[in-house]
Amino acid sequence: MKKVIALLLALVMVFALCACTPKDPNVGPASNPGTETTPGGEQPGGEENPPAANVPLDGSWPEETVKIGVEAFDTTDESFMGVMEYFDYLGDYFNVEFIVSEALNAPEDEFAFIDNCAAAGCKGIFGYYNIAGAEAIKHCTSQGMYYWGNEQYYPDVADDPLYVGTYTFKDMSDENGKNGDYMAGYELGYAMASAGLKHIAMCNGGAVIGVQMFLDRQAGVLDGIAAAQAEGSETRFDPATDIVEGFPGDSYFAKQAEILAGDYDGMVTTFDAFTWFQPIIDSGKDFKVGAIGTVSDSYKAFVDNGTVISLVYDCGEVVFGSVFADLVNAATGHADLTRGADGKALLNHTQRWVLSSAEDFNAVYEKHITDGEYYITAEEMAQVLGGVNPDATVDDVMALFDMSLEDALSK
Amino acid sequence: MNEEKLIVETRDLCKNFGPTVALDHVSIKIYRGQITGLIGENGSGKSTITSILSGMQPPTSGEMFFKGKPHKPSSMIEGAKLGIGMIVQEQGTVPGISIAENIFLGSENKFGRVFINKAAMVKEAQKALDAIGFTGVDAGAPIESLNMQDRKLVEIAKTVYEDPEVLVVDETTTALSQKGRDIIYGIMRKMRDEDKAVIFISHDLEELMETCDTLTVLRDGVLITTLSKEEMDEDVIKRCMVGREMTGDYYRSDFSQPVSDEVVLKVDNITSGFGMLMNFSMELHKGEILGIGGLSHCGMHELGKALFGEMKLLEGEVVDTRTGDKVNSARGALLKGYGYVSKDRDKEALVLTASIADNILAAGYDKLQKGLFLLPGDTKKYVNGLVDELSIKCASPAQDVQYLSGGNKQKVVFAKWVGRNCDILVLDCPTRGVDIGVKAAMYQLIDRMRRDGKSIVMISEELTELIGMCDRLLVLKDGQLAGEFTHAGGMNENQIIDVMI
Amino acid sequence: MKAKKIGKNIVMTLALPVIVYLFFFILCNATGHAGFGVGADLTTIIYNAVFAGLVAQAMAINLTTGRFDYAIGAELMLATIVGGNIAKNLGWGPAGLLLFVVAIAVALGLISGLVYVILGLPPMVISVGMAMIYEAIGYMYNDAKGIKAIGSPMLVFSRTANSLILTVIVLAVLVVIYDYTKIGYNRRALQGGQKIAVDVGIKEKNNAVYCYVIAGFMMGLAGCVYLSRNGVIAPDTGLGSSSYFMSAFLPMFIGGIFGKYSSYPIAIFMGAVVQAIITSGLQKMGVPNSVQTVINGAIVCLFLIYDSNSYKLVEVQMFKEKLAQAKAARRQTAAQ
């Protein structure tokens with residue numbers, strides 16, 4: 001008897017689960033649109049939203065909180081924290097809330113996070129990190145949430161009306177343009193190999209375990225060094241012996257010690273360089289560092305003392321500001337502002353800054369850390385949000401985030 | 001008896017485990033300068049008395065007095081502090097530490113509250129070992145350097161070191177070698193001579209009659225009688241224990257029939273990898289009970305394993321003459337119709353945490369299997385049939401084996417093989433730790449199997465049962481065959497012992 | 001006799017590190033990678049050995065009594081972040097770092113131990129829970145900035161001389177605790193036979209708490225060494241703090257096998273040295289990281305296989321003797 005009851009219960013549960021699964025991928029919290037988003041066309045959301053000219057920027061708009069999930073791989077990473085601080089700042093002006101994932105290490109974690117976001121009523125997902133590739137994006141949009149990010153999967157998902165855009169560092173006129181991570185590595189490699197060093201090493205981070213982002217950066221560094229060498233640089237670098245693989249750990253530190261004891265006088269890292277500073281101090285050497293990192297207290301002392309001579313820096317508001325614009329526009333009925341002329345999701349062209357002098361570094365440092373200000377203010381942001389500024393155009397959105405270091409410093 | 005010598009007294013002691021009555025108004029007196037024996041079938045309550053006395057468990061009702069004062073120990077530790085020392089069968093030593101550390105387990109404070117003076121501890125431990133006459137060992141050595149029987153002596157040294165006024169020896173002797181037994185008999189006598197009290201619990205009648213000054217018999221939780229040395233008589237004691245006359249056919253009676261000439265199993269000059277067994281050959285006939293006897297380390301237990309394909313053989317082979325196949329794996333032996341009852345019942349013959357039904361079924365799957373399935377109806381019928389046939393006392397076959405008494409556990413082991421209808425049964429100490437009632441039933445069962453044409457190898461440390469049951473008896477000494485006896489040629493206990501030693 | 005035994009013990013204790021060292025020394029030189037195991041290599045070997053050694057001690061003290069403590073990594077992280085920041089802000093130098101980090105680690109160990117004893121749930125469950133709590137605190141503290149003390153004068157514990165002195169002191173203390181105190185004595189008794197030990201009055205719960213406290217102490221020291229070496233510790237989430245004890249397993253297994261020749265803590269440390277030499281040697285020869293991981297895993301497996309099969313070597317010898325004995329007996333019988 002007991003067995004029969006248990007069986008029945010199990011069957012009921014199975015049916016209940018099946019019933020709960022949404023059949024229609026577009027049924028979700030953000031019920032957008034089958035509405036065809038015609039590029040630059042009329043605004044379907046214009047009537048639903050209040051006339052926007054007098055929208056107060058006090059955190060009361062939009063009326064319904066826009067929740068956005070953020071996929072992260074390391075929530076204590078300084079670059080990431082820089083971006084989130086900027087969003088926090090915007091949170092004082094707009095009714096937008098961010099839900100950050102834990103450190104995601106597996107596709108199933110990623111899918112689970114997306115599901116949780118859907119359950120929590122998120123309107124969109126910001127893919128700061130992505131493990132499952134285009135599948136993760138489809139998983140997100142099939143639940144009716146917008147998705148922003150991950151340039152490398154753009155061709156697969158650009159036509160998905162719920163995919164709203166990503167950034168790119170590519171020169172759009174160049175068909176074979178390389179992606180942002182490659183460019184970051186390239187600029188760093190080129191800068192270090194042009195700095196008059198004798199022999200440099202490189203940390204390749206996740207490249208050894210095949211993480212695409214790090215593979216791209218590594219390829220960029222190698223090409224950047226080669227380009228500098230072709231132009232006459234005498235800096236030595238041999239990929240066979242001069243690479244520190246992986247992330248900090250036993251063998252990483254062993255290789256690090258070997259490099260600091262050897263005839264090297266500099267190194268490039270495709271991620272942050274903090275674990276090098278203490279050993280460099282202990283070694284007593286004059287050793288130069290080039291890194292992909294962020295403007296923060298951690299780097300300041302080492303930029304000032306000349307250890308860090310090149311820092312490839314993704315300014316949070318410049319590189320990731322379009323996340324906010326694209327997702328909030330889509331979630332407030334202005335999805336048209338997320339489509340390019342070809343009807344595909346926006347490729348927001350942006351700029352990565354190479355800080356190669358203490359002066360540049362300190363200028364950014366003062367703006368961000370000393371003064372707590374941003375190169376793109378909330379007011380400027382408001383101007384590209386269709387719900388606030390009915391006159392906003394796609395071109396306005398595109399133009400705002402395409403800011404070079406020179407533009408920023410002269411602002 | 002001189003009442004000044006009274007040291008322990010219980011008045012109307014009762015102990016219930018749920019509906020089971022373990023002790024029923026037991027009033028017993030233990031005196032100084034005496035070895036008091038306690039005997040009774042399994043479950044008669046003899047261990048319950050001493051466990052209450054030592055503080056392992058509280059009584060349900062009744063009073064105890066120790067040295068004239070009310071005695072209510074809350075734990076074994078308190079009992080030991082008051083002067084009641086226990087040597088029990090199952091306790092054991094702790095591996096991974098030294099002999100000395102085992103002896104002073106729980107009383108390291110003697111050698112320092114925070115830091116332990118190791119040298120002093122080893123020295124004192126050496127004294128404790130010497131005191132019981134266990135010499136030739138280094139107290140600082142790891143306990144693993146001793147064999148199981150000698151480790152028991154370490155426990156004894158520990159208990160005796162604490163200088164108890166009442167020493168309880170609970171069925172310890174079965175776990176000891178002859179040397180160990182001599183040591184423990186010596187300790188008991190010495191304590192008696194020092195005017196202390198000893199309580200000795202054993203299944204071995206002979207041992208009790210030889211050692212004890214008085215013998216108290218218990219049955220079903222009730223004190224039946226207390227006998228003085230002069231009153232001790234084997235038949236009387238047995239009658240008291242069982243509560244009925246033992247029938248004459250305790251062992252088998254018909255030794256007149258000749259044993260078949262058909263050889264079913266042949267052992268050809270085997271030397272085992274473990275234990276003493278070497279250069280041993282034998283033949284087993286159809287319908288024969290072949291006894292294997294000797295001192296406990298003579299290699300006979302290894303022989304039992306070898307017959308079932310469970311022993312690494314360095315030389316020689318065991319051949320099933322009916323098929324001509326070698327017996328070299330337990331699985332192979334099982335499929336050929338062999339059964340094996342191990343001496344170490346709890347570890348090798350049963351899964352204690354599994355049910356009676358599962359234990360019985362374990363050896364019978366291939367018999368019951370229908371295609372890929374075992375049908376519940378079949379298994380139920382199979383198990384229930386065997387439980388009834390062997391009258392295994394249990395609430396239900398779904399009950400865990402670990403809660404059964406020794407005798408009933410052994411019946412479960414037998415049931416495994418009876419169910420398979422084995423042709424060749426290897427029984428290693430089949431009646432070890434089993435009470436008299438069950439023993440008799442076992443003997444009858446074994447005899448019935450013989451009459452059904454089964455061949456049985458009976459390995460035992462009890463000479464009387466070998467003589468009482470076997471057609472033929474092989475005696476081993478130091479791993480080799482030392483003598484062969486047949487009923488036709490006469491089986492004389494003294495002759496056999498001569499060969500053994 | 002006694003002198004011979006001591007000699008054998010010393011040889012057996014040092015044999016494995018020396019053999020492994022020579023192996024890699026020869027291999028590196030033969031393959032044209034000169035300079036293995038000297039200078040910077042040696043510094044790294046010593047650092048890795050000291051760090052992994054300390055963590056392995058912390059892990060072993062509980063694991064050998066059947067308590068897998070998943071929280072020790074989080075204890076290291078949280079204690080070093082909080083204690084390090086306090087020491088940094090107060091400017092108390094190396095002594096301050098040691099004091100605050102170790103004190104906090106001990107407190108965290110105590111909390112873990114008390115929670116285990118009070119709740120009585122399986123240690124794995126409790127310690128995963130505690131790890132998450134500690135990680136969460138570490139994440140909330142100081143806006144998830146962790147500690148960045150790069151260049152601070154208090155970071156002295158990774159210098160070779162200092163870390164060796166630290167190791168010697170730690171080993172001496174541990175050997176005394178393991179072999180000469182009631183705590184160590186009772187721990188071993190509980191390890192071997194929990195029920196028997198408890199029956200004779202050994203207080204299992206007290207002992208467990210002591211073990212957790214000692215483990216916390218070790219993790220505090222490991223934290224000081226780690227911070228001194230790297231200058232930064234970031235908070236972990238999602239049980240990421242487990243990476244701090246991932247290098248503890250091989251030293252622990254080696255310690256278990258060779259402990260009988262000296263003392264368990266010393267053998268663990270030797271195991272850590274062996275592991276550090278292997279890591280360094282493979283690195284020197286330019287073995288890719290992923291292959292190193294495979295090799296390390298294989299070595300752990302080999303040790304476990306050896307550990308659970310070493311009795312077979314004894315058996316083979318035993319069988320040989322037995323067979324000879326049987327043959328002798330046969331000859332004797334034949335002669336009669």
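**Exercise 1. Identify which side chains of Arg330(C) and Glu315(B) meet, and describe the setting of that link.**

The side chains of Arg330(C) and Glu315(B) meet in a salt bridge, with 3.0 Å from N to O, where a salt bridge is a side-chain nitrogen of Lys or Arg within 4 Å of a carboxyl oxygen of Asp or Glu. The model is a predicted one, in which local features need pLDDT of at least 70, side-chain atom pairs count only at pLDDT 80 or more, and totals for chains, interfaces and linings use all residues. Residues are numbered from 1 along each chain as its sequence is written, chains are lettered from A and ligands numbered from 1 in the order in which they are written, and side-chain values use heavy atoms, with hydrogens and water left out.

Next, count the polar links: between chain C and chain B there are 2 salt bridges, and 11 residue pairs are in polar contact, both residues at pLDDT 80 or more. A polar contact is a pair of N or O atoms within 3.5 Å; within protein, one must be able to donate a hydrogen and the other to accept it, and residues adjacent in sequence count only if both atoms are side-chain atoms.

**Exercise 2. Determine how much area chain C and chain B bury between them, and which residues of chain C supply it.**

Begin with the residues: 27 from chain C and 38 from chain B take part in the contact, contact meaning heavy atoms within 4.5 Å. Together the two chains bury about 2600 Å², 63% of it on carbon and sulfur atoms; buried area is the accessible area (1.4 Å probe) that two parts lose on being put together, summed over both. Of the area that chain C buries against chain B, 26% comes from Lys182(C), Tyr185(C) and Lys322(C), more than from any other three residues.
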